[in-house]
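Please look through the sequence and the model below before reading on.

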Amino acid sequence: MTVVRLTPGEARRVALAAQGFQAARPATAGHRHLAATLDRLGLHQIDSVNVLVRAHYLPAFSRLGAYDTALLDRRAWGPKRDRRLFEYWAHECSLLPLALQPLLRWRMARADRGQAGYTGMRVFATERRAEAMALLARIRDEGPMAASDVQTGRAGWWEWSEPKRMLEWLFYAGHVTTATRRRSFERVYDLTERVIPPDILCLPDVPEADAQARLIDLSARALGIATVAELRDYFRLGPADAAAAIARLVAEGTLLPAEVPGWPPAYLHRDAKCPRRISARALLAPFDPLVWERARTERLFGFRYRIEIYTPASKRQHGYYVLPFLLGEELVGRVDLKADRAVSRLVVQAVHWEPGAPAGAREALGVELGALAGWLGLHEPSDLLALTTSSHR
């Protein structure tokens with residue numbers, strides 16, 4: 001079997017192009033550009049942290065520049081006629097194009113049997129199923145509900161109440177989905193058939209093996225070139241399921257075995273492009289698919305990245321909400337950012353440059369921070385050039 005051999009630089013450009021960083025940003029980003037980005041990436045990961053802006057909004061900004069987030073909101077949580085996205089567990093909880101819903105029904109079926117999902121939820125598939133079905137009946141009769149509508153007492157983001165665990169099992173098993181999000185970003189659940197458009201629900205179920213092969217295909221398209229672990233990670237497939245899907249796609253010629261010096265065995269998607277040059281400029285969310293797999297980020301860019309939100313402040317190396325800065329084909333720095341909404345200002349808490357960052361990196365970062373501030377409706381940071389910065393290894 002022919003093996004494609006790439007240099008590390010070629011592999012990096014393949015990955016950047018696959019993620020949408022080859023093209024110049026449009027002058028004005030609209031519906032069409034957002035749809036293309038969503039389809040290219042396959043999902044936008046959701047996260048609760050809102051120190052800058054919610055994470056699911058950032059990947060499109062990184063690739064398109066300023067766009068109207070109301071476009072994304074309508075696609076995700078608007079009236080049924082406007083829906084183009086749905087929430088489900090893919091790479092963590094994510095917003096996904098509706099076309100992927102049939103490809104994830106096998107996971108819903110596994111959860112319904114108690115074979116998928118967090119351990120604390122699986123009990124509702126078996127011995128406590130009647131309780132969950134009673135809650136489902138309440139939603140059917142009374143309408144959409146959030147956990148706070150049914151729980152007694154208080155529970156934090158990571159401390160799920162019993163009703164929350166029931167609702168999350170119903171969600172994982174496909175009985176309910178997200179109807180909307182409240183101002184606090186709390187999920188409101190409703191029957192799947194009242195949220196997902198009928199033209200999607202009427203599509204036939206896809207056999208597990210076929211669906212998993214399609215998900216690996218989508219992962220490979222989004223990554224360009226990837227190891228087995230990275231292909232699995234995109235939609236969080238199990239080892240055996242992923243191995244079978246990869247073998248099938250190799251046999252079909254969709255995936256091409258590839259070798260890159262210093263890499264484990266990898267696969268190149270047959271439609272991947274390798275531009276001669278990438279001229280990108282972007283701040284990346286911690287949950288952006290270009291950098292969310294930390295070993296891959298280090299392999300592609302020589303950039304060791306860890307999110308330090310859950311690290312005690314005294315032990316943080318770079319800051320609380322740190323965004324890598326992509327310039328050209330390299331990650332040249334990291335910026336700890338905060339939106340101070342009380343005074344409508346974008347606050348740069350720290351900048352750390354990589355060794356060898358190009359001379360124009362600071363000015364390029366200033367331009368990008370200005371664009372970010374304008375998009376968020378904040379005043380531009382005035383202290384960037386005066387900010388003490390550092391290099392590190």
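**A sheet, salt bridges and a domain interface**

Strand 5 and strand 7 (residues 187-191) are paired in the antiparallel sense over 2 bridges. The model in which this pairing is seen is a predicted one. Within the pairing, Met145 stands opposite Tyr189, a residue of strand 7. The two strands belong to an open sheet of 3 strands, in which the order is 5-7-6 and the pairing is antiparallel. Strand 5 (145-146) and strand 6 (176-181) are the edge strands, each of them pairing on one side only. As a general point, the strands of a sheet pair through backbone hydrogen bonds, in either a parallel or an antiparallel sense.

Side-chain charges give another set of links. In the structure as a whole there are 31 salt bridges. One of them joins Arg129 to Asp112, with 2.9 Å between the closest N and O atoms. Because Arg129 lies in helix 7 (residues 129-142) and Asp112 in helix 5 (residues 105-112), this pair ties together parts that are 17 residues apart in sequence.

Next comes the division into domains. The protein is split into domain 1, covering 44-202, and domain 2, covering 280-376. Their C-alpha centres are 29 Å apart. How many residues of each domain are in contact with the other? On the domain 1 side there are 19, and they are in contact with 25 residues of domain 2.

The size of an interface is often given as the accessible area lost when the parts come together. For domain 1 and domain 2 the buried area is about 1,900 Å², and carbon and sulfur atoms give 67% of it. Which three residues supply more than any other three of the area that domain 1 buries against domain 2? They are Val51, Leu52 and Phe61, which supply 36% of that area.

Between domain 1 and domain 2 the count is 1 salt bridge. The side chains of Arg63 and Asp288 meet in a salt bridge, at 2.8 Å from N to O. On the side of domain 1 that touches domain 2, helix 3 (residues 58-64) gives the most, with 5 residues. The residues of that side of domain 1 comprise 12 nonpolar, 5 polar and 2 charged.

Technical notes:
Residues numbered from 1 in each chain as written. Predicted model: local features only at pLDDT ≥ 70, side-chain atom pairs only at ≥ 80, totals over all residues. Heavy atoms only, no water. Domains from an automatic or database assignment. Contact = heavy atoms within 4.5 Å. Buried area = accessible area lost by both parts, 1.4 Å probe. Salt bridge = Lys/Arg side-chain N within 4 Å of Asp/Glu carboxyl O. Helix = DSSP H or I, 4+ residues; strand = E, 2+ residues; numbered from the N terminus. Nonpolar A, V, L, I, M, F, W, Y, C, P; charged D, E, K, R; others polar. Pairing = 2+ DSSP bridges.
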